[in-house]
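This report is a guided reading for someone meeting the structure for the first time. Please keep the sequence and the three-dimensional view at hand while reading.

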Amino acid sequence: MFKWQRKSWERWTQAVSNLPHAVLVHGGDGWGEFEFARAVAQSLLCENPKPDRSACGRCAACGWFSQGNHPDFRLVVPESMAAESAEEEGAESGKKKSDQVRIEQVRDLAGFLAVGTHRAGARVILIYPAEAMNPNTQNALLKNLEEPPPGTVFLLVTAQPDRLLPTVRSRCLKFPMAAPDASEALRWLKEQGVEHPEAALAAFGGAPLATLSGAGSERDRLAFIEGLRRPEFDPIALAESVQRVPLWDLVGWLQRWSFDLLLARSSGEVRYHLSQEKSVLEISQRCEPAKVAGYLRTLAQARALARHPLNPKLFVEDLLLQYRRLVGQP
Ligand SMILES: [Zn+2]
């Protein structure tokens, strides 16, 4: 749990006195609702909770929980998320992992629910993000929500509760999280090395995790633009440096940069890269407008393919080689 979630925790301890079988934990995108729900799950399983009812972090149950093998806990997440946390994207990750919670994952819970608990305490199932269940899967879950064994708690965690079936929602206690505490969120963002945290947090609507990842991608974007500006840039090395950036974003950055080159060439102005205006004007003088327009068409097509390129590395290298020819380098 993050420090900025203190208020949510206090709310939770008030709600928990009469614990229902299913709770819909509803946070905003980037509020850390998953981390909060994990803290809730751990506190329900902890064998020696603190006075504020949070998990002690020291008992046997807490030990198993933090190692991911508490026998009375099930985490249900899409395969793509499970792969992310378990192993780094292996070289042989040939098959695309599903972004959905599959119906089999929900059906498999029947076995877990059929046997008694191992520690004679609560049994907790955390499903995140709950909207990653399609309607069929949600219907399969419904049976479990209707008559779970005593002591069982389902935590459905979502930032988009309206994507759940009304029948599912109506069986859950709604637990809206409190908005993140701004001063704690700012302190945390500073610790993470985010520059100008106040402005960044405001730009991301007060959601600390969204702010952090947004600030990260802004850093990547500026480094990429810096690479494009270098007179002698190496397309292969630049492609290598942006391997972690989603292609969709990367093509968008190239589109805006090229758009500015064309605009600068025709009108002497820039729209997107105000702080790099001088370089844009300079580079635009080396380009033929018709070729920049052609490159923009190529980028528009590339963006349509960016979700499923056959070879992401070649895809980027090719676009950058074309760009280098455009700005008049061999
Ligand atoms: Zn404990």
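Predicted model: local features only at pLDDT ≥ 70, side-chain atom pairs only at ≥ 80, totals over all residues.

Residues are numbered from 1 along each chain as its sequence is written, and side-chain values use heavy atoms, with hydrogens and water left out.

The zinc ion has as its protein donors the SG atoms of Cys46, Cys56, Cys59 and Cys62, which lie 2.3 to 2.4 Å from the ion. Donors are N, O and S atoms within 2.8 Å of the metal (3.2 Å for Na, K and Ca), and sites may look incomplete since water is not among the atoms. The angles among the four donor atoms run from 103 to 117 degrees, and the site is tetrahedral (for four donors, all angles between 85 and 135 degrees). Along the sequence, the donor residues follow the spacing C-x9-C-x2-C-x2-C.

The axes of H2 and H3, which come within 9 Å, cross at roughly 150 degrees, with axes being lines fitted to C-alpha atoms over the stretch in contact and angles running from 0 to 180 degrees between N-to-C directions. Arg38, Ala41, Gln42 and Leu45 in H2 meet Ala61, Cys62 and Phe65 in H3, where contact means heavy atoms within 4.5 Å.

| Residue | Relative accessible area |
|---|---|
| Cysteine 46 | 8% |
| Cysteine 59 | 13% |
| Valine 327 | 2% |

A nonpolar core is a set of buried Ala, Val, Leu, Ile, Met, Phe, Trp, Tyr and Cys residues joined through side-chain atoms within 4.5 Å. In the largest one, of 33 residues, Phe224, Leu228, Leu320 and Tyr323 touch the most other members. Helices that each supply at least two of its residues include H11 (208–229) and H16 (312–326), and H13 gives the largest share of this core, eight residues. Apart from it lies another core, of 25 residues, including Ala41, Phe65, Val153 and Val157.

Valine 327 lies in the segment after H16 and, leaving aside residues up to four places away in sequence, touches Ile283, Arg286 and Cys287.

Note on methods
Buried < 20%, exposed > 50% of the residue type's maximum accessible area, 1.4 Å probe, protein only. Helix = DSSP H or I, 4+ residues; strand = E, 2+ residues; numbered from the N terminus. Tetrahedral: all angles 85-135°; square planar, octahedral: opposite > 155°, others 65-115°.
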